[in-house]
Amino acid sequence: MGSSEEPDRTSLLHDSSSPTHPLLSKSYPSPSISEPQPESSEPDQTQFLQISYNYGPRPFKDLPFLILFLLVVLCTFGFGIFAVVNRNPNSSSVSSYSYDSSSTSCVKNSTASLKQQPISDYLKLSSSSHFLKDLIWTLVVTLILSIPFSWLLLLSLKNYTKQVVYASLPFFVVMPIFFDVYWFVACTVSSSCSEAFPLVYRILLLVFVFLFIGVIVWIIVANWHRIELTVDIIGIASHSLSRNLGLFLVLPCLTFSLVVYYAPIVVFLVFARLNGKIVPRESSGEYYCVWKQDSWVPAYYTLAILTMLWSATAMVELQVYVISGTIAQWYFAKDHDSTPKRSIRSSLRNALGPSSGTVCLSGLLICAVRVVRAAVDGARQEELQGIVNLMLRCCVNALLTAIDFLNKFTINFAAITGEAYCTSARMTYELLKRNLLSAVFVETVSSRILGGIVFVFSAIYAIVACAILKAVSNLGADAYFVAALAWVLLILVLGFFVHVLDNVIDTVYVCYAIDRDRGEVCKQEVHEVYVNLPIRRNHRSSLANRTVGV
């Protein structure tokens, strides 16, 4: 499949005007239509060779949502700048004002002096504490070591996938048992912990953790027959990611750019609360001065927080788009032994250019799902009674699940073809359904195993870090807290690595479906693994309709 042929193939997009044909199966009309085509009982395979990576120029899609996102960001920054300029410098000196009955307003006392907490006390406290110093150094060392750890984990999963997976499975059970028993014994020995947690509560927690471990064992046993397929899928994804290591430079840079983008918004939120005035308030016949914020400040807080949420979800989708576009170019490359040049640059250019509206729309949908789901969970915690509330929660949960289902593989397909969001969702679903593949997930065990490997790896690091801290520092019991924070930090970094690997698995899955739909084999090693995925037999009728002659 030469790269010169790709623009021609991807330009033959499918017309959905005919309701009797699948969306992707309608052939591009021939230039010569005067001669009648002979009927044949065998399907014309050329009509399924239309989808591939779009190497050519891409038109802008979902442009209204890009404009909407830019307007929201501009409003956030515009009102934020107004908040900084219009702030009241007296907001922190309310105690210096008193009520003047003659003017019925608050006036500043001429003899009032601000009591300020001496900063030297805080500095002295911080400098005399070894806890903060050891905590910072531990987190910095952990962050630095997380880079070679991620590289080591990738190489291990690429070259020794089976060994790493099977060696980690026992630790899925051993590590929780170790932490549970160690905490129970340590708390029993410690007098302060024994007083805070009575024996009954310690036993209940011990039994609860063992029940949780039993659930983990049950999950492993129930999915044991799928371990081999999971190992192969993880190995293919690790190999694909190792051929595109530039992603590990671009993706953290995108995350850092989001942090830089957040910085002024956080500053605006801080200054927004300083917009208001000092007004008198009456209580029990006495007047005193209080700070009253301007009425627009809560609305700005809502706008800024929603902007940050939308930006975060859009950044996640942007990263998925870049990953998918890069992996797809590697998958469909003519030379199987080399990686296409500038694949990451072209994917990033498409994500920030023609498909930026699609990325914004996908991020908006995910943001809406997260906000609505948080509201539903909050309503559930308030224990609202009534059949109407129950039905409303069920309907909302069904709608949110449908949106999650719609969003699955959509950005992956949009990164490959450059189509709009709704078109990509429709085409992806029919592509997978026609080829008897699941439109919901690739393989659920792989994500759980990768998460378990990250947990085991991070737990071992936390145990080693705790032992070192106890040996070289005087933290005492605080060493457990510092080691726990290092464990959380390493989980976050390696969890990002697992997130990238999961998106690689999804992208290879969509590329395999395109290959299968076209009747081609671009990556033989991928087909040898993904052909073992279970067939969705409820889609056989769709396959029969596809193979019937027109």
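Select Arg 58 together with Tyr 53: Arg 58 lies over the face of Tyr 53, at 5.1 Å from the ring centre, where a charge counts as sitting over a ring if NZ of Lys or CZ of Arg is within 6 Å of the ring centre and within 35 degrees of the ring normal. This is a predicted model, in which local features need pLDDT of at least 70 and side-chain atom pairs count only at pLDDT 80 or more, whereas totals for chains, interfaces and linings use all residues. Residues are numbered from 1 along each chain as its sequence is written, and side-chain values use heavy atoms, with hydrogens and water left out.

Next, select Lys 523 and Tyr 331, where Lys 523 lies over the ring face of Tyr 331 at 5.9 Å from its centre.

The ring centres of Tyr 331 and Phe 332 are 5.1 Å apart and their planes stand at 75°, so the pair is edge-to-face; both residues are buried, meaning under 20% relative accessible area with a 1.4 Å probe and protein chains only.

Then move to Phe 409 and Tyr 509, whose ring centres are 5.3 Å apart with planes at 40°, so this pair is tilted. Phe 409 and Tyr 509 are both buried.

Finally, select Asn 412, which is buried with a relative accessible area of 4% and has contacts (heavy atoms within 4.5 Å) that include Asn 503, Asp 506 and Val 510.

How values were computed: Rings of Phe, Tyr and Trp (its six-membered ring) pair if their centres lie within 6.5 Å; planes under 30 degrees apart count as stacked, over 60 as edge-to-face and the rest as tilted. Buried means under 20% relative accessible area, exposed over 50%, partly exposed in between (1.4 Å probe, protein chains only). Lists of a residue's contacts leave out its neighbours within four places in sequence.
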